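These are notes for a colleague who is opening this structure now. Please keep the sequence and the model side by side while going through the points.

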Amino acid sequence: MKDYDEKKLKSVTKEGLEMDQTDDEKKKIEEEKAKFEPLCKLMKDILGDKVEKVVLGQRVESSPCVLVTSEYGWSANMERIMKA
């Protein structure tokens with residue numbers, strides 16, 4: 001199912017998820033991304049080839065991180081199935 005009630009459905013486990021935001025919220029998010037850019041670079045250096053990229057997101061508030069797949073890549077479950 002790709003649509004429901006004239007709304008397009010999108011997987012929350014893939015990158016590119018965008019929520020409706022006001023201009024003030026968008027500005028605050030850009031400031032936070034700039035503030036945490038050195039930390040993201042450090043995490044990418046530490047993790048190396050284990051991750052494609054490290055970015056700051058607004059998806060969760062109660063967890064320190066979320067692993068997501070690329071927009072057109074396999075889901076984690078599909079990757080597990082293919083490796084088996």
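1. A term first: a helix here is a DSSP run of H or I with at least four residues, and helices are numbered from the N terminus. The model itself is predicted. Helix α1 spans 23-47 and helix α2 spans 76-83.

2. How many salt bridges does the count come to? The count comes to two salt bridges. In general, side chains of opposite charge can pair when their charged atoms come close.

3. K41 forms one of these with E37, and the closest N and O atoms are 3.5 Å apart. Both K41 and E37 lie in helix α1, where a spacing of four residues is about one turn of the helix. K41 is exposed because its relative accessibility is 52%, and exposed means over 50%. E37 has a relative accessible area of 41%, so E37 counts as partly exposed.

4. The side chains of E79 and K83 also meet in a salt bridge, at 3.6 Å from N to O. About one helical turn separates E79 and K83, because they are four residues apart in helix α2. E79, at 35% relative accessibility, is partly exposed, while K83, at 68%, is exposed.

5. Which residues form the nonpolar patch on the surface? They are F36, L39, L42, M43, I46 and L47, and together they have about 510 Å² of accessible area. F36 lies in helix α1. With a relative accessibility of 32%, F36 counts as partly exposed.

6. K2 belongs to the segment before β1, the strand at 3-4. The relative accessible area of K2 is 69%, so K2 is exposed.

7. The loop between β1 and β2, the latter at 7-8, holds D5, and E6 is placed in that loop as well. What deserves a look here is the backbone. Most residues other than glycine have a negative phi. D5, however, has a positive phi, near 50 degrees, and phi of E6 is also positive, near 65 degrees. D5 counts as exposed because its relative accessibility is 63%. E6 is exposed too, with a relative accessible area of 82%.

8. Is T69 buried or exposed? T69 has a relative accessible area of 16% and is therefore buried, since buried means under 20%. T69 is found in the loop between α1 and α2. Setting aside neighbours within four places in sequence, T69 is in contact with T13, K14, E15, W74, S75 and A76. T69 and G16 are 53 residues apart in sequence, but their C-alpha atoms are 9.8 Å apart in space.

9. The loop between β1 and β2 carries D5 and E6, with phi near 50 degrees for D5 and near 65 degrees for E6. The loop between α1 and α2 includes T69, a buried residue whose contacts include T13 and W74.

Notes
Residues are numbered from 1 along each chain as its sequence is written. This is a predicted model: local features need pLDDT of at least 70, side-chain atom pairs count only at pLDDT 80 or more; totals for chains, interfaces and linings use all residues. Side-chain values use heavy atoms; hydrogens and water are left out. Helices (H or I, at least four residues) and strands (E, at least two) are DSSP runs, numbered from the N terminus. Buried means under 20% relative accessible area, exposed over 50%, partly exposed in between (1.4 Å probe, protein chains only). Contact means heavy atoms within 4.5 Å. A salt bridge is a side-chain nitrogen of Lys or Arg within 4 Å of a carboxyl oxygen of Asp or Glu. Patches are made of residues with over 30% relative accessible area and no salt bridge: like charges are joined within 9 Å, nonpolar side chains (Val, Leu, Ile, Met, Phe, Trp, Tyr) within 5 Å. Accessible areas come from the Shrake-Rupley method with a 1.4 Å probe; for residues, only the protein chains shown count as cover.
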